[in-house]
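These are my notebook entries on a single chain, taken in the order in which I looked things up. Terms are defined where they are first needed.

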Amino acid sequence: MDRELTLMVVHAHPDDECLSTGGVLARYAEEGIRTVLVTCTNGEQGDDQGGVKPGEEGHDDAAVAERRLAELRESVAHLGVDHLELLGYRDSGMDGWPGNGHPDAFANVPVEAAAGRLAELMERYRPQVVVTYDETGGGGYGHPDHVQTHRVTAAAVEATGIPDKFYYTAIPRSSITRMFELMRDSGVDLGGFEPSDDFGTPDERVTTIVDVAAYTERKLKALRAHESQGDNIFLLRMPEEAQQQAFSHEAFERVLSRVPTAAHEDDLFAGLREGR
Ligand SMILES: [Zn+2]
C-alpha cells in the first residue's frame, strides 16, 4: 500500500537540525515530501544570556530551555519542517560536564525507554527515510546526547522495521580539510584549533551527497534563529565563500536500504519515488 513519502530526522539538541540536515529538510519539504524533526533534549546545558555557561552563577536551566525551544520553532519555520516532535529529555551537557551525572540527563535514560517513545512516532508517521548520527555521535563528535540519540534511533529503527532507508549524517574528512584550508587562507582566527586526523567521517563511508546549494540562505536563517547559542556556532563567523562551501552539500552514510540502490546516490529518496 502506498504511503506518503516522509523524512524523519532525529537530533539531540535545538540547533543540531541546521548544519548537517537543514538543507535536506528544506529541500524535501519543498518537493512535497512530509518532513518530521524529532529533537530529543531541551538544550538546558546551552549558554544563558550573556554567554553564562551551565554551572556558572546565574545560569537558569529552565529559562535556557524555554528560549532554545522558541528558537527551535523559528528555525524549523525557516526550514519548512511539517512536524516538530520534542521528546523533552534533559540535556546532558558536553562530555565531562557535571550535568552528565544528572539522573534525568538524556544520556542516563535507558535506551529501550527512549527508543519506545521514538518507535511510537515512527508508527505514527511511517517514515521511509530516517536520519541520525553515527555511533560516535557524528564524525567523532562524541557528545553524550548525540551518542545516545544514535543508540535510541538505531534501536527504534530495528524494533519497528518501518524505515526503508536509514542514514547517518556525515562530514567527509576531505571536505573538513578543504574548509580549514579556506578559513586559514582567509585569515579566520581558529584560536589554534586544528582538526585531528580522525575528525570527520572517512570518505569511503560516505554513500550519499545531496546538493542543497539552493537552500544555503534558509539554512543560514535557521542557524541565526539560534541566537542565544551564537558564541558556539563558529560557522556563522566564517567568510561567505567558506560558508557556501560548508553549506551547499550535505553528506550521509547509508546503513540500511530495503530498496535497490546505487553505491553512490545524490538523493535520500532514491529508489522510493518510482511508480508514484
Ligand atoms: Zn547537539
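I work on a predicted model, in which local features need pLDDT of at least 70, side-chain atom pairs count only at pLDDT 80 or more, and totals for chains, interfaces and linings use all residues. Residues are numbered from 1 along each chain as its sequence is written, and side-chain values use heavy atoms, with hydrogens and water left out.

**Entry 1**

I looked up Asp15 and found it in the loop between β1 and α1. Its phi is near 105°, a positive value in a residue other than glycine.

I then turned to Arg126, in the loop between α3 (111-125) and β4 (129-132). Phi of Arg126 is also positive, near 45°. With a relative accessible area of 36%, Arg126 is partly exposed. I note for reference that most residues other than glycine have a negative phi.

**Entry 1**

His13 lies in the loop between β1 (6-11) and α1 (16-30), and His146 in helix α4 (residues 144-160), so the pair ties together parts that are 133 residues apart in sequence. Both histidines, His13 and His146, are buried.

I checked the geometry next.

Is Arg68 buried or exposed? Arg68, in helix α2 (residues 61-79), has 4% relative accessibility and so counts as buried. I take contact to mean heavy atoms within 4.5 Å. Leaving aside neighbours within four places in sequence, Arg68 contacts His13, Pro14, Asp15, Asn42, Gly43, Gly46, Asp91, Ser228 and Gln229. The C-alpha atoms of Arg68 and His226 are separated by 7.0 Å, although the two are 158 residues apart along the chain.

Thr39 lies in strand β2 (residues 34-41) and, at 1% relative accessibility, is buried. Residues up to four places away not counted, Thr39 touches a set including His13, Pro14, Leu72 and Leu86.

**Entry 2. The sheet**

I traced the sheet with this rule: two strands pair if DSSP finds at least two bridges between them. Seven strands form an open sheet of mixed pairing, in the order β3-β2-β1-β4-β5-β7-β6. β3 (83-89) and β6 (208-211) stand at the edges with a single partner strand each, so one side of each is left without a neighbour in the sheet. The twist averages 25° from one strand to the next.

Strands β5 (residues 165-170) and β7 (residues 249-257) pair in the antiparallel sense over six bridges. Within β7, Glu253 stands opposite Tyr168, and Leu256 is the bridge partner of Phe166. β6 and β7 also run antiparallel, joined by four bridges, with Val210 partnered by Glu250 in β7.

**Entry 3. Helices α1 and α2**

I took axes as lines fitted to C-alpha atoms, for helices over the stretch in contact, with angles from 0 to 180 degrees between N-to-C directions. α1 and α2 pack at an angle of about 45°, with their axes 8 Å apart. Angles under 35 degrees count as roughly parallel, over 145 as roughly antiparallel, 65 to 115 as roughly perpendicular and the rest as oblique; α1 and α2 are therefore oblique to each other. Glu17, Cys18, Gly22, Leu25, Ala26 and Ala29 in α1 meet Leu72, Ser75 and Leu79 in α2.

Note on methods: Helix = DSSP H or I, 4+ residues; strand = E, 2+ residues; numbered from the N terminus. Buried < 20%, exposed > 50% of the residue type's maximum accessible area, 1.4 Å probe, protein only.
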